[in-house]
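I am keeping these entries as I look things up, one topic at a time. The structure goes in below, and my notes follow.

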Amino acid sequence: MPIKWDMRKFFLLFILYFAVGCSQSEFEVVNMSSSDPDHIGEEPAGMPNDIPETLEILDTIATVNSADFSLSEQSYKLAHGPAQIWNGCDSNATVMGGYNSDSKCGKGYFHPIFAAHLNKHLFTCVERASLEANLPNPTRIFIRHLGTYNNRNGRQTSSLSMHAYARALDIAQFNLYDDSGNVTRISNEMKNYSGATATFYDTFRKCWKDSLLSSCRPGQKEFNGSIGHPKSALGGNSLHAGHIHLSFPFCAE
Ligand SMILES: [Zn+2]
């Protein structure tokens, strides 16, 4: 009899294990790294070493009309200005995201002015790019990204990167979900730049650029609002062969 009871307990634990596992959402929650993998050699990769243990609250953000991103109501003090926390794991949001993963969602940090612009324009630009590339109309997206805030200089420069101001997001891939839940994955890697992927890539960048104030002129820092790879119609450089560096440049304020 004792052996039989032990087996029943084991069986119950077995059922419980799977019940808990299956009740979790589609996406696993992880703390997001703020480091850019192709920044290896200049600072530790994959470590959120710029985020203070305790963030100092600076301000409360006024409600924005469009809320595609799930953002904190407060802004917090980072090294070079304020930032809101993006919860890329909020399944009620139109835009979710995770650090270099399609399934592990996480946090990000955006300067409030960048956050507001992302909320207003990013998903619209994704819709426009999908239409132009003859892809299914997305109802929500998951961004595979390579970092947001990171207090560092731009690569091969001695000035601060837009990441240091929490005004940049490195997008490696868009996962577009239609209303049936089917996913279309759009890679931003140069090696995948062809056909519908190339059309999506350039339409998205052009749309984001057009969303910025016309006061942004060639020669001003990141006046396009993004940096891509050299094959792109909007130009770029080989440092961005694996992702679109999307930013909110100072000229756009
Ligand atoms: Zn970047």
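How many helices and strands does the protein chain have? I count three helices and twelve strands in the protein chain, and I note at the outset that this is a predicted model. I then looked up burial, and found that buried residues make up 41% of the 253 residues in the protein chain. For contacts with a separation of 6 or more, I noted that residues 24 or more positions apart account for 60%.

**Entry: the sheet with β7**

I traced an open sheet of four strands, whose order is β2-β3-β4-β7 and whose pairing is antiparallel. Which strands stand at its edges? They are β2 (57-60) and β7, and because each has a single partner strand, one side of each is left without a neighbour in the sheet. Ignoring direction, I find neighbouring strands of this sheet turned by 40° against each other on average.

I next followed the pairing of β4 (residues 81-87) with β7, which is antiparallel and runs over four bridges. Within this pair I located Gln-84 opposite Phe-110 of β7, and Trp-86 opposite Gly-108 of β7. On β7 itself (residues 107-110), Lys-107 and Tyr-109 point one way while Gly-108 and Phe-110 point the other way, and all of them are buried.

For Phe-110 I also listed the contacts, leaving aside neighbours within four places in sequence: they are Ala-83, Gln-84, Trp-86, Ala-115, Leu-118, Thr-148 and Ala-166.

Is β5 largely enclosed or left open by the rest of the structure? Five of the five residues of β5 are buried, so I recorded this strand as largely enclosed by the rest of the structure. Its residues Val-95, Gly-97 and Tyr-99 point one way, whereas Met-96 and Gly-98 point the other way. I found β5 running parallel to β8, with five bridges joining the two, and I placed Val-95 opposite Ile-141 in β8.

**Entry: the nonpolar core**

I looked up the largest nonpolar core, which has 50 residues, and noted that those with the most contacts inside it are Val-95, Tyr-109, Phe-110, Val-126, Ile-141 and Ala-166. The elements giving two or more residues to this core include β4, β5, β7, β8 (140-145), β9 (168-177) and β12 (244-247), as well as the helices α2 (112-132) and α3 (195-211). Which element gives the most to this core? It is α2, with nine residues.

**Entry: α2 against α3**

I then took the two helices as a pair and found that α2 and α3 pack at an angle of about 140°, with their axes 8 Å apart; α2 and α3 are therefore oblique to each other. Their crossing is right-handed. The residues making the contact include His-121, Cys-125, Val-126 and Ala-129 from α2, and Phe-200, Thr-203, Phe-204 and Cys-207 from α3.

**Entry: Tyr-201**

Why do I call Tyr-201 buried? With 28 other C-beta atoms within 10 Å, Tyr-201 counts as buried, because the cut-off for a buried residue is 20 or more. Not counting residues up to four places away in sequence, I find Tyr-201 touching Asn-188, Tyr-193 and Ser-232. I also checked Met-190, eleven residues from Tyr-201 along the chain, and the C-alpha atoms of the two are separated by 10.0 Å.

Terms used. Residues numbered from 1 in each chain as written. Predicted model: local features only at pLDDT ≥ 70, side-chain atom pairs only at ≥ 80, totals over all residues. Buried ≥ 20, exposed ≤ 12 C-beta atoms within 10 Å, placed from the backbone. Pairing = 2+ DSSP bridges. Core = buried A, V, L, I, M, F, W, Y, C linked by C-beta atoms within 7 Å. Contact = placed C-beta atoms within 7 Å. Axes fitted to C-alpha atoms, helices over the stretch in contact; angles between N-to-C directions. Parallel < 35°, antiparallel > 145°, perpendicular 65-115°, else oblique. Left-handed = near helix turned anticlockwise from the far one by under 90°.
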